[in-house]
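Hi,

Here is the structure I said I'd pass on.

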Amino acid sequence: MSGTDWIVLTATLLLIVVYGLYKSRTSRNLEGYFLNNRSMPWWLVLLSIMGTQASAITFLSAPGQAFTDGMRFVQYYFGLPIAMVVLCITFVPVFSKLKVFTPYEFLEQRFDLKTRTFTAALFLLSRGFSTGISVYAPSIILSSLFGWNIFYTNILMGGILIIYTVSGGAKAVAYTQQLQLIIIITAICIAGYYIVHLLPQHIGFTDALKISGASGKLNVITTGVEGSGFVWKDKYNIISGIIGGFFLSLSYFGTDHSQVGRYLTAKDNAQSKLSLLMNGLVKVPMQFLILLLGALLFVFYQFQPSPVFFNKTVETKIYRAPYNDSLRAISSAFNDVNTRQKNTATGYAEALNKKDETTAANLKLQLQELNTEANELRSHYKTVLSEADPGADTNDTNYIFLRFVIDNLPKGLVGLLIAIIFLASWGSIAAALNSLASCTMIDFYMRLKKHHQHPERSDYEDEKRYRISKWLTFAWGIFCIIIAEFANRMGSLIEAVNVLGSLFYGVMLGIFLVAFYCKKISGTAVFWSSVVSEIIVVILFILDSNNIIGLGFLWLNAVGAVAVLLISFLVQRLWPESSKPHD
């Protein structure tokens with residue numbers, strides 16, 4: 001990067017840190033540190049909810065996801081608006097009325113301690129691993145820019161994030177996310193403008209969309225139906241998006257404390273509901289625009305020289321013969337295909353403008369064939385690369401957008417865009433660490449220490465818990481750094497995080513659905529049904545991963561939730577006296 005980029009990057013990051021620490025002055029107690037004294041307006045809660053979702057993974061990986069697989073990933077969010085309505089009707093009023101710190105407190109009141117503890121443990125497990133992957137995402141940037149060892153880069157990035165989060169608590173998270181999202185949305189628009197602006201003069205935005213569509217990248221709606229029926233293995237289609245996405249969103253926003261903790265900071269019940277409903281309206285178009293960047297980026301590389309492999313650090317590394325000779329030969333063949341892509345894409349755009357449908361149809365077919373050839377060469381390159389360096393991460397999806405930014409944007413903007421990715425990372429990881437510490441403190445530490453409290457020493461106890469909460473935040477930060485060290489070779493990070501969540505979210509949701517809607521089912525019944533259901537989900541995932549069955553990961557959320565409901569009814573029916581249900 002240039003000196004100007006470094007100045008912009010440093011200034012932007014310092015601005016956020018100083019602003020967050022300035023705004024983080026709050027009561028030195030748990031309600032102040034974790035929930036900002038429940039004083040946030042709906043619009044700030046909305047920005048905090050969106051900021052928690054919009055991690056560095058979103059901006060690094062989502063454009064690359066659309067570049068390689070098209071925009072069909074957006075269907076993953078189609079169930080979200082429906083889930084927001086259900087949350088506002090059922091979940092939010094209960095959490096607000098009970099004034100809980102975490103949603104798992106409600107489960108002890110409704111069921112028993114073991115159900116509360118098991119559900120909280122599922123949250124800690126899923127969110128802890130996901131946050132570790134999120135720490136890895138910004139480390140990719142530094143590693144790619146400077147060729148740094150990813151192991152030490154994870155430690156550096158995680159260390160900065162720990163200091164940032166431990167210092168401020170929930171208030172710093174919320175207020176910095178407000179500023180972060182404003183800068184992030186601006187940066188998305190700037191990146192989109194430059195992708196189109198750097199296309200050849202005779203290729204406009206409409207032409208770019210037509211070429212992207214001809215290449216299969218604007219596949220926003222897919223049915224998942226092929227041949228004789230529905231393909232359950234298909235990960236992203238409108239059916240799995242609405243049904244599986246609904247269950248995933250309902251669980252994420254209703255049972256994952258990293259999100260529940262955001263709207264628990266609201267002033268009242270109405271403010272919490274408004275923030276969630278607005279999130280349901282804003283999230284889908286926002287994700288659509290981020291994925292559209294990837295679709296447009298694909299068109300950009302139809303006209304501009306495209307790397308055969310987007311991880312520049314690995315691509316420029318010299319390997320011993322014969323691997324290096326093979327890699328050079330593949331690169332040369334790819335460059336030839338890239339040149340033919342440019343000529344064909346240009347001809348296709350001209351034919352469309354002249355309304356020459358016959359020529360356009362022929363060129364569209366040629367363009368698709370060239371794209372297939374380019375993908376085969378990329379795949380061959382990765383195979384040879386893997387043989388040359390078995391330790392290399394050969395999935396470059398997460399580097400596609402970053403490579404465009406570094407190679408093509410003007411001085412200053414490179415620094416700003418990289419700052420954006422850091423800011424997105426800080427906001428989401430800070431919120432996650434805050435929620436992990438909150439759950440550990442409220443659902444484990446304080447629950448175990450419940451019988452050792454001294455009412456006459458409440459001020460001392462509040463101060464003590466406040467200090468312990470900071471140490472818990474620090475400890476979870478260390479845990480997430482350790483997870484980040486094992487997060488390489490996971491492919492698309494945005495997909496990896498959602499797959500990981502789907503292993504736990506369905507079961508967590510099932511427990512809460514029983515709590516809200518099945519008043520006659522006891523704690524013992526729901527506890528054992530949730531244990532069995534979690535085992536079923538993990539077995540299905542393993543079978544799917546080994547291609548023994550075909551089941552897209554989104555369906556695991558529905559399977560987990562429905563399994564808890566059905567098995568709970570069965571257990572309660574077989575052993576009705578096993579435990580008295582709570583009212």
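Below is what turned up on charged side-chain pairs.

First, the ground rules. This is a predicted model, so to speak for local features pLDDT has to be at least 70, side-chain atom pairs count only at pLDDT 80 or more, and totals for chains, interfaces and linings use all residues. Residues are numbered from 1 along each chain as its sequence is written, and side-chain values use heavy atoms, with hydrogens and water left out.

Taking a salt bridge as a side-chain nitrogen of Lys or Arg within 4 Å of a carboxyl oxygen of Asp or Glu, the count is 16.

One of them pairs E495 with K235 at 3.0 Å, N to O. E495 sits in helix α19 (493-502) and K235 in the loop between β2 and α10, 260 residues apart. Helices (H or I, at least four residues) and strands (E, at least two) are DSSP runs, numbered from the N terminus. E495 is buried at 17% relative accessibility, while K235 is partly exposed at 29%. Here buried means under 20% relative accessible area, exposed over 50%, and partly exposed in between (1.4 Å probe, protein chains only).

Helices α16 and α13 are linked by D407 and K312, 95 residues apart, whose side chains meet at 3.7 Å, N to O. D407 is partly exposed at 37%, and so is K312 at 36%.

R403 and E315 also form a salt bridge, at 3.1 Å. R403 is in α16 and E315 in α13, so this pair ties together parts 88 residues apart in sequence. R403 is buried at 10%; E315 is partly exposed at 23%.

Cheers
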